[in-house]
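Take a look at the model below. Keep it in view while you read the report.

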Amino acid sequence: MKKSIGDNMIPKDWGLERGLDLVKRAGFDGIELWLGDVPWFQMTTTDTQVRELRRKVENAGLVVSNVSTGLHWASPLSARDPTVRAQAVRIVEREIETAVLLGSDAILLVAGLVTEEVPYNEVYQRCVESLKPLGEKAARAGVRIGCENCNAEHRFLISPREFRQFLNDVNSAAVGIHLDVGNIHETGFAEQWIEIHGPRITRIHLKDVLKHRGRCGDQSVYTNLFLGDNNWPAIRAAMTKVGYDGWLIAEMEARYRYAPDQQFYDTAQAMDRVISGRL
Amino acid sequence: MDLSRREFLSCAAAAMSHRLPIPSRVAHAVRPVGCILPVAGQCSLPESISGFHAALDNEPRAVLGHLVVVPALLDLPLDFARGIVSWLRHGATVIVESGAGFTGQLSFRRHRRSLRDGLQLAVHTPVRLWSEQRPFRRTPYVDYTWPHPAKIRDFSRVVPLEDQPGEIIARADGLPVALKRRTGPGTLIYLGSPLGPALWAGDVAGKRWLLSILA
């Protein structure tokens, strides 16, 4: 297994090159690039600039583990407005295009957003319909789309069996799950999700979660590895059971208030412990 | 002149593929049999077409009667409108579903003008039911009163009706959003909040309401 971390973790005032240097020194093998979240990787970033981005990553001794985006929170595939939906599709297409340019074979997307206004059945149907052609496009590009389980946040596909049914309905080998072991909260157990989805897991986001706290305003329920309630020995064992040997990607929501670089070192070392199974 | 559903649908498909407003055979059909007829290039919500198909395709011909559904309409061409008027005069039930809730101003003006010129329907500009300016929205439903009371999901933006001849058959947040008007032996039904997406998402109450129109 290899370790990666999001470029949106790089302190805002550091810049890309300094950030990449830190990521490498901390012991990561790759970096997750967040389309739309960082100044160096936007929807307006040209192909030439994306190639230059890849060169910088490789010069730092890293590779791009995957392309992710948070843009679908504002422009979901499940939107009723056809214009917003078209933009959501374009974001996925751009993720696929840039993944190819960056030498990666995986992208992340938040598949849908259930709200008071847009109900579950519509969101489900619209996401399935959107993902079928996108899956074909991804397959042609040699890229897999990982729909992230954002259980609590998108109020959608809350259980692992339901998520499996969703992927069955999309029915594309190029569409799987980008599993976040911290996002499951009180609704289940990450190790069971890993078992159920096995080969359909495109990437795994690692973070810990304080299950009993619940969100309160801006207070995060997510925390550094081993500080929360995830059962890490069980998670590691489940990865072994299903033969997952792909990328593990750190996604920390709560940041160190001081010495932000230290969080990179601590996280990388904790991930080494997960990988080695010394838990 | 009678026109079978198969014939009618094939004409509709031809209209779409050739981007014609409406083929003459359809336009001159006196009694079309249960069909869904999007106006070529003027349907804003493909899922609405799918929704009506999902609700109606397996219904027997006898149930569908002389129903015509024009889903998610934007701009109604005049010759298409003439076809609708002709069908109404021969006893058809025509559902015109507005698809203009999400359109821009220019497109909406065309929508409004074409409804007024073609069917004498007068509508207000779209209202966004879920905006922050309307923080007290209580329920996400359109309340239908005819042919029976039904609660069907709204579609975020509605195109309300102005005062005009006909019976208001549904309201959303107090706004009149659906109208029934008798035209000779036929019935024109205008939906200012799309029904097709609810049908597409499997809304049982929506399908029951639709079929009850035909009873």
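This report goes through the two chains and the place where they meet.

This is a predicted model, in which local features need pLDDT of at least 70, side-chain atom pairs count only at pLDDT 80 or more, and totals for chains, interfaces and linings use all residues. Residues are numbered from 1 along each chain as its sequence is written, while chains are lettered from A and ligands numbered from 1 in the order in which they are written.

## Chain B

Chain B holds eight helices and twelve strands. Helices (H or I, at least four residues) and strands (E, at least two) are DSSP runs, numbered from the N terminus. Of the 215 residues in chain B, 50% are buried. Buried has a cut-off: 20 or more other C-beta atoms lie within 10 Å of the residue's own, against 12 or fewer for exposed, with partly exposed in between and C-beta atoms placed from the backbone.

Two residues are in contact if their C-beta atoms, placed from the backbone, lie within 7 Å. Among the contacts in chain B with a separation of 6 or more, 71% join residues 24 or more positions apart.

Now the sheet. Eight strands of chain B form an open sheet with mixed pairing, in the order β3-β4-β5-β12-β11-β10-β7-β8. Two strands pair if DSSP finds at least two bridges between them. At the edges lie β3 (35-36) and β8 (150-153) of chain B, and each pairs on one side only. Strands of a sheet pair through backbone hydrogen bonds, either parallel or antiparallel. One pair is β10 (residues 167-172) and β11 (residues 175-183) of chain B, antiparallel over five bridges. In this pair, Ile168(B) stands opposite Leu179(B).

Helix α5 (residues 78-89) of chain B touches β4 (67-73), β5 (93-98), β11 and β12 (186-191) of chain B, and its direction makes about 135 degrees with that of β12(B). Helix α8 (residues 204-214) of chain B touches β4, β5, β7 (141-144), β8 and β12 of chain B, and its direction makes about 125 degrees with that of β8(B). Axes are lines fitted to C-alpha atoms, for helices over the stretch in contact, and angles run from 0 to 180 degrees between N-to-C directions.

Where is Trp146(B)? Trp146(B) sits in the loop between β7 and β8 of chain B. Trp146(B) counts as partly exposed because it has 17 C-beta neighbours inside 10 Å. Leaving aside neighbours within four places in sequence, Trp146(B) is in contact with Glu167(B), Ile169(B) and Lys180(B). Its C-alpha atom is separated by 9.8 Å from that of Ala178(B), 32 residues apart along the chain.

## Chain A

Start with strand β1 (residues 2-6) of chain A. Four of its five residues are buried, so β1(A) is largely enclosed by the rest of the structure. Strand β1(A) runs parallel to β10 (residues 247-250) of chain A, joined by four bridges. Here Ser4(A) stands opposite Ile249(A). Three bridges join β1(A) to β2 (residues 30-35) of chain A, again in parallel. There, Ile5(A) has Ile31(A) as its bridge partner.

| Helix pair | Angle | Axis distance |
|---|---|---|
| α3(A) and α4(A) | about 15 degrees | 10 Å |
| α7(A) and α8(A) | roughly 5 degrees | within 8 Å |
| α6(A) and α7(A) | roughly 30 degrees | within 9 Å |

Angles under 35 degrees count as roughly parallel, over 145 as roughly antiparallel, 65 to 115 as roughly perpendicular and the rest as oblique. By that rule α3(A) and α4(A) are roughly parallel to each other. The contact of α3(A) with α4(A) has seven nonpolar residues, one polar and two charged. Ala, Val, Leu, Ile, Met, Phe, Trp, Tyr, Cys and Pro count as nonpolar, Asp, Glu, Lys and Arg as charged, and the others, Gly among them, as polar.

Helices α7(A) and α8(A) are roughly parallel too. Their contact divides into eight nonpolar, no polar and three charged residues.

## Where the chains meet

The contact takes ten residues from chain A and twelve from chain B. On the chain A side, α3 (82-102) and α4 (120-141) each supply at least two residues. The largest share, three residues, comes from α4(A). That side of chain A divides into two nonpolar, three polar and five charged residues.
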